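Please look through the structure below with its sequence beside it.

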Amino acid sequence: MSNAMYNKMWHQTQEALNYVLDKESQKMIEPQRNQVFIFQMLATFYIKYVQIFKDMENVYDQIVHPQKRILIRKILDAVMGRILELKNEMVELELTEFHYFDDILQDLKLVPQQLDIPIPKYFLKEKLEVIKGREKILAQILAESGLDTAKVKYSVKGIPFEEAIKLIQIAERARQGRLRALFMKQIYLREYRAKQAKIFGEKFADAGAAALCIQKVWRRFYQCKKTGRQREEEMIFLGMSPPPLFNEVSATIMQAEKVNLLRNEVQTKHEEDYKEAMVIIKDDLKLIEGPDIKETLQDQIWHWFIECRNLTGTFPEYPEVEEGGSAIIFTNKTPQQEEDEEWKMSPSVFLRTMEEGNNSYKDMWMNKDESWNFSQDYDPDLVKEEKRKELESEIRLQVDELMRQELKNLKLAVNREKEYPVRAGKKRGKKKNKGRKKGKKGKKDKDLTADRTIESLYKELVQEGLLIRPLTVNLSDYIGEYNYLGTTLRQLSIEPMPSLLDVRQLITLYGILPLGSAAVHEKAPLVKSLLLVGPSGVGKEMLVHAICTETGANLFNLSPSNIAGKYPGKNGLEMMLHVVFKVARQLQPSVLWIQDTEKTFYKKVPNAEKLNEPKRLKKQLPKILKLLKPDDRILIVGTTQRPFDAELQSFCKVYQKIILIPRPDYASRYVLWKQIIQRNGGVLTNALNVSCLAKVTDGFTQGHIVEVVKDVLTDQRLWQQGRKPLTAGEFIAVMSSMNPVYQEEEESFKNWYAKTPMGRKRALALTGGGTERNKGKKEKKGKKEKKKK
């Protein structure tokens with residue numbers, strides 16, 4: 001696609017955003033009481049914003065104009081934040097993390113796949129060099145410490161010379177034996193054919209009868225082939241089978257990838273040119289227009305002095321730097337007008353940003369003639385306008401200092417007015433108080449490693465095994481299918497189990513988007529901790545690594561088994577947490593992973609684990625969560641397959657969001673079998689009944705399926721596929737020795753989740769106790785307020 005096409009896409013996306021913003025402002029004014037209507041309204045906006053987000057992300061990734069990209073990035077982050085806000089509102093309304101939009105998608109003529117939330121490519125693209133440098137340092141530290149498991153795993157062991165000769169001799173004798181067996185088989189077949197010719201020689205003496213027999217055999221063979229081919233063509237036409245060369249990468253896609261790489265290079269070049277131009281143009285403006293701006297500002301302020309003197313009889317008080325200096329003198333709005341405007345604002349943090357971005361687009365780019373700028377380089381006029389404002393602000397500070405002194409001299413000379421000592425005393429008092437507060441903060445935030453560099457702390461954590469290398473896993477590798485009957489089941493008062501793609505979407509919303517964007521993390525509903533609950537093999541660990549891969553985050557392993565025996569004692573634990581969080585903050589985004597986190601909250605520690613002190617972090621985790629601020633892009637992720645062993649109250653206090661991961665349903669298993677077999681080199685043919693495999697393996701997890709496929713698809717079996725296609729029986733035979741996740745185990749997870757705060761709220765809402773619960777809360781709040789008074 002050309003620059004013009006992406007510009008057109010941007011204009012269309014901005015029109016869609018403008019429409020949604022208008023609709024949202026109208027709906028927010030109208031009071032609504034019907035919960036179903038409110039949810040449909042929120043869900044519709046959510047779906048619309050997801051569509052806009054997809055298009056805007058694509059536009060930002062491809063447009064090369066540097067000034068357009070700044071505005072698009074601002075709007076993109078705001079749309080991302082608004083999606084998180086709407087998700088939060090839907091959770092509070094429905095009291096569940098999972099929502100189903102089947103009926104709304106049908107009305108909008110969309111498919112569930114269009115609800116996939118994309119992960120912005122700029123998360124990794126803009127800090128690729130930093131990530132590569134960090135990986136290089138990590139690999140170097142691991143190699144020096146002898147902890148590089150990847151190298152150890154694939155190292156080749158040497159064998160003695162005599163043993164090597166024996167192995168070669170065995171292989172050569174086996175080869176000769178195979179050749180001898182093949183030769184003997186050929187002799188046997190030759191003799192067999194001769195015997196058959198003698199027996200049937202008389203029967204086929206007539207050449208016509210022999211030709212007729214050959215014709216029958218050939219016609220049968222030809223018709224079978226033709227029928228099979230027609231059946232395949234019909235299945236392809238109906239969309240039941242993929243067309244030939246379906247999985248091969250086409251030349252068009254390869255060309256598009258090359259164009260994308262070239263576009264990235266152009267983006268980088270234009271960005272560099274734009275940064276250089278900003279410095280050069282500002283310096284030029286300073287030389288040419290700087291003196292005029294300074295003179296104009298001084299004249300305006302002198303005029304204000306005289307005007308105030310004529311109207312009030314005294315000279316005015318000069319605004320302080322904190323208040324904005326002389327800039328607030330010439331603003332058109334009064335404080336009262338500002339208060340009214342804020343009062344009318346929507347409660348959303350991101351709506352104003354989107355509206356500002358939309359207005360900037362209308363003012364600058366909507367009807368702008370860019371026929372002169374074919375290469376989409378920076379616009380020098382816009383740079384001048386931007387830098388002129390920046391230069392004016394800098395000069396204003398200098399002018400304010402000068403004019404503040406001039407005003408003092410005027411007061412002394414004309415009015416004989418002096419500064420009141422009371423006012424100065426107040427200021428001094430405030431300064432003293434500020435100093436005291438800072439002192440208190442200093443004691444609380446005492447740096448235990450002030451004399452050490454971040455590099456040395458980083459190295460220490462790697463050597464101790466607390467900072468580990470995340471596996472390179474994309475979130476798209478977490479395969480599954482949507483639940484297409486969610487809304488229908490809820491209408492029948494049946495709570496459906498979430499699908500794997502619903503889980504994937506929550507990981508994107510709660511983990512990846514906030515960690516990837518600092519602007520979103522600071523303002524969006526803050527998620528500090530996440531708990532992934534589910535049986536073994538459903539992909540909890542994989543999702544943790546996917547969060548790190550997609551955001552370029554550091555991975556800290558604070559699992560009870562990993563910290564056992566490290567940094568012993570109370571002081572050691574304090575030092576460990578201090579070092580971990582200091583490095584995590586400095587090199588954010590960071591993920592703190594606690595595997596088997598139920599052990600940290602054991603009801604009763606088993607005797608076999610008492611020496612490991614699994615509950616070391618129990619009291620520390622709530623304190624840590626309180627210290628995390630919106631600008632700390634740090635996420636605590638716990639994984640557990642036995643949540644029943646933990647104390648529920650303290651467990652749920654630490655983990656803000658709990659995601660229950662189920663075993664895969666039929667649709668997900670069908671997709672999993674196909675994808676995993678193909679990824680491991682298997683070829684899908686009509687001989688392999690994938691539907692049968694998906695049906696028979698009910699209760700088995702993704703981990704089971706991966707293990708079975710790897711066991712079956714050995715190098716030898718892959719080599720044999722041409723003459724012996726894969727069958728379902730091969731996989732079922734291996735799977736028969738494994739234990740599935742039984743229905744009773746899944747029910748135990750559901751029952752446990754029903755006891756969590758969100759589960760209890762959901763149960764109350766379904767039984768009609770939601771309103772009473774809300775009334776009780778309000779009464780409790782009222783009593784507390786009365787006590788305080």
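Lys109 lies in the loop between helix 4 (102–107) and helix 5 (122–125). Helices (H or I, at least four residues) and strands (E, at least two) are DSSP runs, numbered from the N terminus. This is a predicted model, in which local features need pLDDT of at least 70 and side-chain atom pairs count only at pLDDT 80 or more, while totals for chains, interfaces and linings use all residues. Residues are numbered from 1 along each chain as its sequence is written, and side-chain values use heavy atoms, with hydrogens and water left out.

Lys109 is not a glycine, yet its phi is positive, about 60°. Lys109 counts as exposed because its relative accessibility is 76%. The classes are these: buried means under 20% relative accessible area, exposed over 50%, and partly exposed in between (1.4 Å probe, protein chains only). Asp596, also not a glycine, has a positive phi of about 50°. Asp596 sits in the loop between strand 4 and helix 23 (620–627) and is partly exposed, with a relative accessible area of 23%.

Pro589 belongs to the loop between helix 22 (569–586) and strand 4 (590–595). The peptide bond that joins Gln588 and Pro589 is cis, with omega about 5°.

Now turn to a charged residue. Arg134 is part of helix 6 (residues 128–145). The side chain of Arg134 does make a polar contact, at 3.2 Å, with the side chain of Asn554. A polar contact is a pair of N or O atoms within 3.5 Å; within protein, one must be able to donate a hydrogen and the other to accept it, and residues adjacent in sequence count only if both atoms are side-chain atoms. Beyond its neighbours within four places in sequence, Arg134 is in contact (heavy atoms within 4.5 Å) with Tyr458, Gly552, Ala553, Asn554 and Leu587.

Helix 30 (residues 743–754) has 12 residues and spans 16 Å from first C-alpha to last, close to the 16 Å expected at 1.5 Å a residue. The expected span is 1.5 Å times one less than the number of residues. Which residues of helix 30 are buried? They are Glu746, Phe749, Trp752 and Tyr753. Seen down the axis of helix 30, these buried residues fall within an arc of 120°, so they line one face of the helix. The arc is taken from the directions from the helix axis to the C-beta atoms. The buried residues of helix 30 pack against strand 2 (529–533), helix 24 (648–654), strand 6 (657–660) and helix 31 (757–766).

At 1% relative accessibility, Thr756 counts as buried. A polar atom of its side chain lies 2.5 Å from the backbone oxygen of Tyr753. Thr756 and Cys652 are 104 residues apart along the chain, but their C-alpha atoms are separated by 6.9 Å.

For the protein as a whole, the secondary structure comes to 32 helices and 6 strands. Of its 789 residues, 39% count as buried.
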